[in-house]
Amino acid sequence: MAAHNTPVIDVKEMTKTFGSFVANDRLTFRVERGEIFGFLGANGAGKTTAVRILCGLSAPTSGQITVAGYDVWTQSEQIKRNIGYMSQRFSLYEDITVYENIRLFGGIYGLSRRQIRERAGELLGRLGLENQRDTLIASLPLGWRQKLAFSIAIIHRPGIVFLDEPTGGVDPITRRQFWDLIYETAQSLITVFVTTHYMDEAEYCDRLCVMDEGRIVAMDTPYRLKQQYGAQDMNEVFIKIARKEI
Amino acid sequence: MRTILFLLQKEFLQIFRNRLMLPVIFVLPLVQLLILVHAATLEMKKIDLVVVNRDLSTWSGRLAQKFTASPFFRVQDAGNNQEAAQELLRKGQADMVMVIPAGFERNMMREGEESVQWLVDAINGTTAGLSYAYASAILADFHRELLQETGYSAGMDLPSGINVRERYWYNPKLNYKIFMIPGIMVLLVTIIGMFLSALNLVREKELGTIEQINVTPIRKYQFIIGKLIPFWVIALFDLSVGLTIGYFLFNMPILGSLPVLFAFASLYLMVILGLGLFISTMASNQQQVMFIGFFFIIVFILMSGIFTSTETMPAWARTVNIINPLAYFMRVIRMIILKGSGLTDIGREMIAIGIYAVLAMGLAVWRYRKVT
Ligand SMILES: Nc1ncnc2c1ncn2[C@@H]1O[C@H](COP(=O)(O)OP(=O)(O)OP(=O)(O)O)[C@@H](O)[C@H]1O
Ligand SMILES: [Mg+2]
């Protein structure tokens, strides 16, 4: 595939400091089109910081970064047209209904009224939320809200979607259901960039980048990482990486 | 434009679904107007005026009589003993002394003008300013009567140092309530507008929903306009409520044109909302908005001339008032409602507030950051 020659996310020496604190230390990586790329790291490793830079929400301190072919320094608005983002903090409007949220974000992304109606119908059908169309977000269970937030984040059919700890706080079964949704989406060649600190979730990724204290300490497919560290599962990999640090 | 409509739809849905918002929008203005008008008016006690009459003519007697008849003055007659009158002022037993000079009637007849001397206890600036305002209104009234009777056209000098404009204030019954209602309406729309918009925006920061907006290709001005219009509409609605209450409940006359008033109010609210949104783009939580907002609002209110004309303020205060949007609206709303001033009379203020509106909105759009 020709697409593989041009990575959709290309990051060289990305650094972000808050005062003297280095939250992202010279990160370098590429993400190919259609990949499910995971950022694995403990609390405070710098995952959110990196995602926010890639989404054009926060300016890097230094580094060469392109997303969807656009430079984050100068073309952040073009990037925003081509990506979807689901933030770590739940960010749909809780005091308006499911449909009203869909309509709002569809409208902001410039969809026509007809497109909004069609895509809303499709989306609600896929999630099995037809009966919840006029329910306030605040009264939906967390797992449903997350699926909804994900679906709304890609309502404009972007090429890349960034998911920052999309399944925080839910049980493994609900996580599994969420990932079915992600796989469905990735089949349509959308690139998924996801951060997590759940090991089961890490296993679902095509490629993983393990972060610790702002630095990338390992990067490969889950299979090869397990081989490399002689581990049974990602949990063991993670523990071995952490021990080495000490 | 389409984007803005989607944002507005969402804002209005949120506002009307919020149980706390409706009382704020509908009940607060009523309560504020009813309570504040009374509270602010009770503040005024009768002014103790000592009259020194050195002329003992018909006209001087009539002038003194006009003050006695006014509900705002308690008049003491000191005969022609100015010393005794000043002593009362010094002891704090009088707020004001009026000295009618010998030859008052004669000079009025001949020259059509004469001065009366005023001595004012100015410790309480507000009372002093008000006393001045009332006294000059009575003088102007008296002068009008004389003119009608005699056909003289020349003017009578007002006490030196007071603002000549006061002479034209049209509030013939000197009803302080009616003077205060427009002022309180200014406070009302200012506080409602500034805090509702500022708190609303900063709340999106607290909840994190603003991130989801910032990650879209929305334009900065679209977002700010989407936050501005709902509260602009609400504040204008509250102004209408205030005017209705003033008109029907307090019998406040509305002498000027309502379209002109609303045109000015619309521009004024853009200034206030722009400043409110500007504050919230800098703040990171609601407490900060309240602190910064209250700081500015209180300074602006105290200097706005709500109790007494800004013209009696010292020069530095008037200079500061050039950037005080409340001072403009306070003046203009009273000019329009109580004096019947038209577009030409308030043209200067209209232009100033228009420029200010552009600046404030520009500031808010500029300071709102999609990338931090
Ligand atoms: N605006 C900021 N100012 C100062 N420090 C910050 C700021 N944002 C993040 N940090 C710090 O940077 C570090 C990395 O934060 P980040 O949110 O990227 O971590 P994370 O990997 O997403 O962790 P978590 O799993 O808790 O979400 C943390 O120590 C955090 O305190
Ligand atoms: Mg995070």
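Visitor: Before I look at any detail, how confident is the prediction for chain A?

Guide: Good place to start! Where pLDDT is low, the predicted coordinates should not be read in detail. In this predicted model, chain A has a mean pLDDT of 89, with 97% of its residues at 70 or more.

Visitor: Where in chain A is confidence lowest, and where is it highest?

Guide: The lowest is in helix α9(A), residues 234–245, with a mean of 78. The highest is in α3(A), at 96.

Visitor: Now the strands. How do β1(A) and β2(A) run relative to each other, parallel or antiparallel?

Guide: Strand β1(A), residues 9–18, and strand β2(A), residues 21–31, run antiparallel and are joined by 7 bridges. Together they form a hairpin with 2 residues between the strands. Look at G19(A) in that turn: its phi is positive, about 65 degrees.

Visitor: Which other strand pairs with β1(A)?

Guide: Strand β4(A), residues 62–67, pairs with β1(A) over 5 bridges, again in the antiparallel sense. Follow I9(A) to see both pairings: its bridge partner in β2(A) is V31(A), and its bridge partner in β4(A) is V67(A). While you are looking at strands, here is a general idea: in a regular strand the side chains alternate between the two faces of the sheet.

Visitor: On to the magnesium ion, ligand 2. Which protein atoms are its donors?

Guide: They are OG1 of T48(A) and OE1 of Q88(A), lying 1.8 to 2.2 Å from the ion. T48(A) sits in helix α1(A), residues 47–54, while Q88(A) is in the loop between β6(A) (83–86) and α3(A) (98–108), so the pair ties together parts that are 40 residues apart in sequence.

Visitor: How accessible are T48(A) and Q88(A)?

Guide: Buried means under 20% relative accessible area and exposed means over 50%, with partly exposed in between. T48(A), at 24%, is therefore partly exposed, and Q88(A), at 39%, counts as partly exposed too.

Visitor: Last stop, the largest pocket. How much space lies in it?

Guide: About 790 Å³. There are 26 lining residues, and the closest to the centre are N18(B), M21(B), L199(B), N200(B) and R203(B). The elements giving two or more residues to the lining are α1 (2–17), α2 (21–42) and α7 (176–207) of chain B.

Visitor: Which element gives the most, and what kinds of residues make up the lining?

Guide: α7(B) gives the most, with 10 residues. By kind, the lining divides into 16 nonpolar, 6 polar and 4 charged residues.

Terms used
Residues are numbered from 1 along each chain as its sequence is written. Chains are lettered from A and ligands numbered from 1 in the order in which they are written. This is a predicted model: local features need pLDDT of at least 70, side-chain atom pairs count only at pLDDT 80 or more; totals for chains, interfaces and linings use all residues. Side-chain values use heavy atoms; hydrogens and water are left out. On a 1 Å grid over the protein atoms alone, a cavity is a set of points where a 1.4 Å probe fits but cannot get out, and a pocket is an open set with protein on both sides within 12 Å along at least five of seven lines; lining residues have an atom within 4 Å of a point. Grid points are joined across faces, edges and corners, and a volume is the space filled by probe spheres set on the points. Helices (H or I, at least four residues) and strands (E, at least two) are DSSP runs, numbered from the N terminus. Ala, Val, Leu, Ile, Met, Phe, Trp, Tyr, Cys and Pro count as nonpolar, Asp, Glu, Lys and Arg as charged, and the others, Gly among them, as polar. Donors are N, O and S atoms within 2.8 Å of the metal (3.2 Å for Na, K and Ca); water is not among the atoms, so sites may look incomplete. Buried means under 20% relative accessible area, exposed over 50%, partly exposed in between (1.4 Å probe, protein chains only). pLDDT is the predictor's confidence in each residue, from 0 to 100. Two strands pair if DSSP finds at least two bridges between them.
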